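Take a look at the chain below. This report picks out a few parts of its fold.

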Amino acid sequence: MLFDRHLHTLLSRTRALPYALAAALCWGLLGCGGGAGQAEAQVLQPKVSVLRSGLASPWGLVFLPSGEMLVTERGGRLLRLSADAQTSTEITGILPVNAAGQGGLLGLALDPDFATTLWVYWAFSEPGTGRAAGLTGTAIARGRLVGNNLQNVAVLFRQSPKTSGNGHYGSRLVFARDKTLFITLGERQLGSPSQDLGQTLGKVVRIQRDGSIPADNPALGAGALPGIWSLGHRNVQGAALHPDTGELWTSEHGPQGGDEINITRAGANYGWPVKSYGCNYGSPVGDACRIGGGVHAPSFVEPLTYWVPTSVAPAGLLFYTGSLIPQWKGNLFSGSLAGQTLWRMTVSNNAVLSREALLSDLKERIRDVVQAPDGAIVLLTDSGKLLRLAQ
């Protein structure tokens, strides 16, 4: 009866969808995983190995062309790990960070032309100075990796304004196919700035590699700060390009429930804090407490899928394109902090068809999800582990 009621509601809101697709989406929205995902899980039992432990709150991971890895630790260290992850060297040249609460040294990306430019980009919680002393904000810097030192370091972007508090920095970095840089920016636990185009809190921003603003960014009207790509976000901690369309997909933290997967498009508004399938903290669990009634349309963009009644806190996002685990090719993977799970999602035609929870028995807060050069899936956990997932 519960499934039938939710399915009827979904069908009434998605008349253009075939019944089977709506049913699959409904299972996904209810957190049931979807029949296809559960059936595949019985066949494929992924093998997990620990490549390394003892990292200090690792946050972001990229693979160098050599097969080595760069890993950010939230406390402010950037490490170069050997290809087997057994040895590490600290990279010098990182700017000071405010490593308090959720802040510190965060997202990481390599220049699309890294082999020739050597540029490394990173996100961090930047301490304020002058009138902003005691405040912090997300900032993006880059430097050339020469040996084990970052040279020609410069800050390219600063979230505006800096605020008090130590939460919701966002901080995922993704290069688009045209080599512009997407930056996810949390709303610093303030809510309403997400809808204010005069601030970059609760936004996704798009800049050129040198920090300038692309001419084809959306025109959002007088008073809109430069660089804003989309608005109405709470705290986006997962971002990845779709391998076929090249569009930006993101995962976003809800409050009490309401975590979302979205396609993050130019000029679009994703509703926070006006609409959410989540509830205000402390509200009784159920549908009645959903913020603004839950349904985003028609004023805002509906999420592709969401988690209720409690939050899983998604972090890290990956479209799997490798051949090492062929059954999972084209699937979308998200880490989970509160949920201590790796979520596998099947997608088709910009829809999330099913969800499957993996690795829940490990009880690890999974912070980042990256594809290794050999096609393995590599995970960073808050406990300091670097895990390898393969068939």
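The model is predicted.

In soluble globular proteins, nonpolar side chains tend to be buried together. Here, the largest nonpolar core has 18 residues. Those with the most contacts inside it are L70, L78, V120, W122, L145 and L150. Three strands each supply at least two residues of this core: β6 (105-110), β7 (119-127) and β8 (136-146). A second, separate core has 15 residues. I325, L359, V369 and L387 are included in that one.

Now take L70 from the largest core. Leave aside its neighbours within four places in sequence. L70 is then in contact with residues including G60, L61, V62 and L64. Its contacts also include L78, I91, L108, V120 and L145.

## An open sheet

Four strands form an open sheet in the order β10-β11-β12-β13. Their pairing is antiparallel. At the edges are β10 (173-175) and β13 (228-230), and each pairs on one side only. From one strand to the next, the twist averages 30°.

Look at one pair. β10 and β11 (residues 181-185) run antiparallel and are joined by 3 bridges. V174 stands opposite F182 in β11.

## A buried glutamine

Find Q237 in strand β14 (residues 236-241). Is Q237 buried or exposed? Its relative accessibility is 5%, so Q237 counts as buried. The cut-off for buried is under 20%.

What does Q237 touch, not counting residues up to four places away in sequence? Among them are W59, Q102, G170, R172, S251 and H253. Q237 also touches P314, A315, G316, L337 and R367.

Definitions and conventions
Residues numbered from 1 in each chain as written. Predicted model: local features only at pLDDT ≥ 70, side-chain atom pairs only at ≥ 80, totals over all residues. Heavy atoms only, no water. Core = buried A, V, L, I, M, F, W, Y, C linked by side-chain atoms within 4.5 Å. Buried < 20%, exposed > 50% of the residue type's maximum accessible area, 1.4 Å probe, protein only. Contact = heavy atoms within 4.5 Å. Pairing = 2+ DSSP bridges. Axes fitted to C-alpha atoms, helices over the stretch in contact; angles between N-to-C directions.
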